[in-house]
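Visitor: I have a structure to go through with you. Can we take it piece by piece?
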Amino acid sequence: MPPSLTVSPHMALFDQDVSIKIAGLSAGVRAQIRVSFTDTEGVIWASEATFSANENGAIDVAHTPSEDGTYTGVDAMGLFWSMRPQVDGQIVSTEAFLAMRRQSASKFMQLGRPALSGRQTNDIKIAVHLEAQCVAEHVYTQAYVNDDIEMRSLLDETGLAARIYIPNSHPKGGIITLTGSNGGYEEAHARLLASHGYLTMSLALFAAEGVPEHMVALPLEYVERALDWMSEQLNGQKAGMIGWSKGAETVLVAAAYLGGKVGAIASCLPCHVVMNGTDGSANYDQDGWTWKGKALPYHLLATPAEAMQALQAIGYTPGDPLPLRAAFEAGYQRVKPDTIIPIERAACPILLLSGGDDQNWPSDYSCKVLKQRLDEAEYGHHVEWLDYPSAGHLISAPNTIRTGSVEVLHPIRKDFVLCGGSPQANAQASHDSWPKIMAFFEQSLSDQRSCR
C-alpha cells in the first residue's frame, strides 16, 4: 500500500495550525513534503522539507524535524511561512528571492508576500514525494475571513475612513485595527478578528479617501470619533485597539489622551515618543498629532544628518536595505521628557509587543521605557509585555508568508528598509504572540462586559 497523507483540518482560518502527518512508510525512509499555490498575479509560491520516518514509519510535521529544505528543525507551520517563489519548477534561493523583490514592480512581491487581492480562501496543494515521485497529495483550503462576515465602508455614513467588519453572531466585543506608516487600511487582521467574533473597524488615518495624504498634524479627535462610534454599536462598551509600528504609537497616544474611551490596547512594535510628522519631503520637522487645536509635543526621530552619521558608524553600504534602528537610537539620546507618550494616564489593560532585533527602530527599548513608566506610576490595570529577542519589526498574525519577511519597500521613503530578525524567528514570534494577543483581548474586553 502507498503511504497515507493526513491533513487536518481540511479548511481553517490562516491563524490556525495545520496538522500534516504521513503513515505507512518504512522506518528511516526519507520523504519530502512540498507545499505550493498560485497567487493572483500568477506567481507560484512553494516550500519543501525532507523528513525521516520514525520507527513506526510515520512523520508528523509538528514533531519531526526537517532535515533539509526551505526551513530546518521542528516547526509545525514551517512549510507555510517559508514559501518562496518558484521559477522554472525550482524554488528560488533566499538570495534570489531578495533580488526578485528589489527588482519587482509588484507591491506584493516588494513586501515579500503573494498577491491575494480579493481572495477569501486560498487552495494550497500538499504533496509527498519519495525519490522524486509523488505518492500522495491533498488540497488544503486556507481562509482569510469567514463567509458570514459582512463588510461595509463608513466614509459616507460617518465621515470616517473606516471599514467595518461585522460577525454573523452577537459580537463579543469591538476592536479597532491600525496599520503603520504605509497608511491606508489594515485589513488582514481586521477580517481575522471579525472571524473570531469581534466587531472590527479598520481605521485609516492617512493615505486614503477622506483623510490626509500624509501623516502630518493628525487630529486625535478623529480617533475619538471612531471610538465613540464603536461604543454606540456596542451599547456603551468600550472598544479595544491594536496597531503596528505607527499604529502602535496611535493606540498608545489614544490610551494616554482618550483613556476613558479605550477598552484595551495592544501596541505592537511601538516607539515610546510622539513621532514627528512626515510628508516624504526633506522637511522632517513637522507636527505629528494635534489635540484640541494644539500640536502635541513631538520628538524628531532622526534628522538626515543623524541618520547619515549613524549609518556610517555601523558600516552601512549604500544600496543595501536601510537599518534605521541606529539612526533612531541616536535620536533617542536627545528625547525631551514632554515628547514621551504619557502612557501612565491610560485607564485600560495594555499589551506591549517588541522584537529584540527590530532594525526599523528599537521597539524593545521603547517597550522597556513604557513599562518602566507604568511600573513607577503603580498603574492600576493589567500590563503585559511580550518581547522576542531574535525577531524583528514584522511580527504579525501567524502562518502567513509575510511573517518570513526581513525587509520591505517603505512607501514614503521609497527605499528598502531592513526590518530585522530572520524569517524563522519572525514567524515563530508571530506564532507565539498571536494567541496571547487574542487571549489578552478576550480577557480584557470580557472583564469590561462583566463590570457594566
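Visitor: What share of the contacts between residues at least 6 apart in sequence join residues at least 24 apart?
Guide: In the protein chain, 68% of them do. Contact means heavy atoms within 4.5 Å.
Visitor: What should I know about the model itself?
Guide: This is a predicted model: local features need pLDDT of at least 70, side-chain atom pairs count only at pLDDT 80 or more, and totals for chains, interfaces and linings use all residues. Residues are numbered from 1 along each chain as its sequence is written, and side-chain values use heavy atoms, with hydrogens and water left out.
Visitor: How many helices and strands does the protein chain have?
Guide: The protein chain has 11 helices and 24 strands. Both are DSSP runs, numbered from the N terminus: helices are H or I with at least four residues, strands are E with at least two.
Visitor: How does the radius of gyration sit against the globule rule?
Guide: The radius of gyration is 23 Å, close to the 22 Å the rule gives for 452 residues, so the protein chain is as compact as a globular protein of that length. The radius is taken over C-alpha atoms, and the rule is 2.2 Å times the number of residues to the power 0.38.
Visitor: And what does the C-alpha trace span along its principal axes?
Guide: About 75 × 55 × 40 Å.
Visitor: How much of the protein chain is buried?
Guide: Buried residues make up 55% of the 452. Buried means under 20% relative accessible area, exposed over 50%, and partly exposed in between, with a 1.4 Å probe and protein chains only.
Visitor: How are the positive and negative side chains counted out?
Guide: There are 33 positive and 50 negative side chains, and the centres of the two sets lie 4 Å apart. Lys and Arg count as positive, Asp and Glu as negative; His and the chain ends are not counted. Each charge is placed at NZ of Lys, CZ of Arg, CG of Asp or CD of Glu.
Visitor: On to helices. What does H10 pack against?
Guide: Its buried residues pack against helix H7 (246-257), helix H9 (325-331), strand S21 (350-355) and strand S22 (383-388). Among those buried residues are Asp364, Cys367 and Leu370.
Visitor: What span should H10 have, at 1.5 Å a residue?
Guide: The 14 residues of H10 (residues 363-376) should span 20 Å, and the end C-alpha atoms are 20 Å apart, which agrees. The expected span is 1.5 Å times one less than the number of residues.
Visitor: What comes just after H10?
Guide: Glutamate 378, with a positive phi of about 50°.
Visitor: Now H6. How far apart are its end C-alpha atoms?
Guide: They are 21 Å apart; the 14 residues of H6 (residues 220-233) should span 20 Å, so the two agree. The buried residues of H6 include Tyr222, Glu224 and Trp229. Asparagine 235 follows H6, with a positive phi near 55°.
Visitor: How many residues of H5 are buried?
Guide: 6 of the 8 residues of H5 (residues 188-195) are buried, so H5 is largely enclosed by the rest of the structure. They are His189, Ala190, Leu192, Leu193, Ala194 and Ser195. Glycine 197 follows H5, with phi positive, near 105°.
Visitor: Serine 433: buried or exposed?
Guide: Serine 433 is buried, at a relative accessible area of 1%. It lies in helix H11 (residues 423-451). Leaving aside residues up to four places away in sequence, serine 433 touches Leu353, Leu386, Tyr388 and Ile395.
Visitor: And where is glycine 243?
Guide: In strand S17 (residues 239-244). Glycine 243 has 0% relative accessibility, so it counts as buried.
Visitor: Backbone now. Which residues does the cis peptide bond join?
Guide: Serine 8 and proline 9, with omega about -5°. Proline 9 lies in the loop between strand S1 (4-8) and strand S2 (11-13).
Visitor: What about phi at aspartate 88?
Guide: Phi is positive, about 55°, although aspartate 88 is not a glycine. Aspartate 88 is exposed, with a relative accessible area of 77%.
Visitor: And leucine 269: buried or exposed?
Guide: Leucine 269 is buried, at 1% relative accessible area. Its phi is positive too, near 60°.
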